[in-house]
Amino acid sequence: MNLPGFFATLVAYIIWGLLPLYWKMLANVPSEEILAHRIIWSFLFLLILLSFQKALGKWKTALRDPFTRRLFFLNGLIISLNWFIYIWAVNHQFIVEASLGYYINPLVSIVFGVFFFQEKLSRIEWISIVLATIGVLILTIGYGEFPWISIALALSFGFYGVVKKRRPLESTVSLTLETMAPLPLALIFLGYWQVQGTSSINESVGTMTGLILTGIVTAVPLLLFGFGAQRIPFTWVGFLQFVAPTLSLGLGVLLYHEPFTKTHMVAFTCIWTAAIVFTLNGVWIRKKQLRKVA
């Protein structure tokens, strides 16, 4: 086990799991304005980081390639949608439902692997998907409405992963391209709010600092993840993926007192079971492969 890779990945997921605390501190700012600042400051932070890494040339080369540019600009729009839904959910007391989306995400990735990359599923993996589907159905029936936040978060992050897999790039380069895609819209909206006098950045030094730091808060865990995921087995990446939604779920229920009913318990139990079965199956397959190599 590569310990630096393991701890980098773990810290990335811990930061993502605790992000509701950060967005709650900016609850006075409209979600769309937080998103605009997140895009702009992330892009600037990443440009500075590319400069320090002497990797601006790699970014410019990727930008000049039409296929790469279209692909990662598309991914930028997808991840921006994911960010907006998550920020909106946290600041409108839907942290529990948002955490459900990230429990479902690994299973969505499996299904996308079948449809987009013709990957084969084992019987156990199909059982995991069926269990997760049952959990979503229980939650839907219990709510009396479709859990659109959970599904939208899982699907958008799943599509984000598909695009990443289509064209692997260094994490800093790809993320800079992705934040560049919605950058013009973010600048237009912030300029409009500034002219109208409704921009939240003028409210206080604390709010201004919080909005500026969204760039670092966004980029750091993604860069840690990019570093770590390349150095540890993918099964461990899958296992650690459940750290973030578990922390978010705990914050939603224990700190912000969001409801967690019997329906939630039954639905989450189905999805947790599916996630555990899938992860243990991946660990078992990994060990089997290693024995064959040895």
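Modeller: A charge sits over a ring if NZ of Lys or CZ of Arg is within 6 Å of the ring centre and within 35 degrees of the ring normal. We have a predicted model here: local features need pLDDT of at least 70, side-chain atom pairs count only at pLDDT 80 or more, and totals for chains, interfaces and linings use all residues. Residues are numbered from 1 along each chain as its sequence is written, and side-chain values use heavy atoms, leaving out hydrogens and water.

Colleague: Thanks! Over the face of which residue does Arg38 lie?

Modeller: Look at Lys24 too, whose charged end sits over the ring of Tyr256, 4.8 Å from its centre. For Arg38, the distance to the ring centre is 4.4 Å, and the ring belongs to Trp83.

Colleague: How are the rings of Tyr102 and Phe157 arranged?

Modeller: Rings of Phe, Tyr and Trp (its six-membered ring) pair if their centres lie within 6.5 Å; planes under 30 degrees apart count as stacked, over 60 as edge-to-face and the rest as tilted. By this rule there are 19 aromatic pairs. Tyr102 and Phe157 have ring centres 6.1 Å apart and planes at 80 degrees, so the pair is edge-to-face.

Colleague: How far apart in sequence are the parts that this pair, Tyr102 and Phe157, ties together?

Modeller: Helices are DSSP runs (H or I, at least four residues), numbered from the N terminus. Tyr102 lies in helix H5 (residues 95–117) and Phe157 in helix H7 (residues 148–166), so the separation in sequence is 55 residues.

Colleague: And Phe116 with Phe159, what kind of pair is that?

Modeller: Phe116 lies in helix H5 and Phe159 in helix H7, so this pair ties together parts 43 residues apart in sequence. Their ring centres are 6.0 Å apart and their planes stand at 70 degrees, so the pair is edge-to-face.

Colleague: Is Tyr102 buried or exposed?

Modeller: Buried means under 20% relative accessible area, exposed over 50%, and partly exposed in between (1.4 Å probe, protein chains only). Tyr102 has 18% relative accessibility, so it counts as buried.

Colleague: What about Thr172: which residues does it touch?

Modeller: Thr172 is in helix H8 (residues 171–180), and with a relative accessible area of 5% it is buried. Taking contact as heavy atoms within 4.5 Å, and not counting residues up to four places away in sequence, its neighbours are Leu46, Leu49, Leu50, Gln53 and Leu223.

How values were computed
Helix = DSSP H or I, 4+ residues; strand = E, 2+ residues; numbered from the N terminus.
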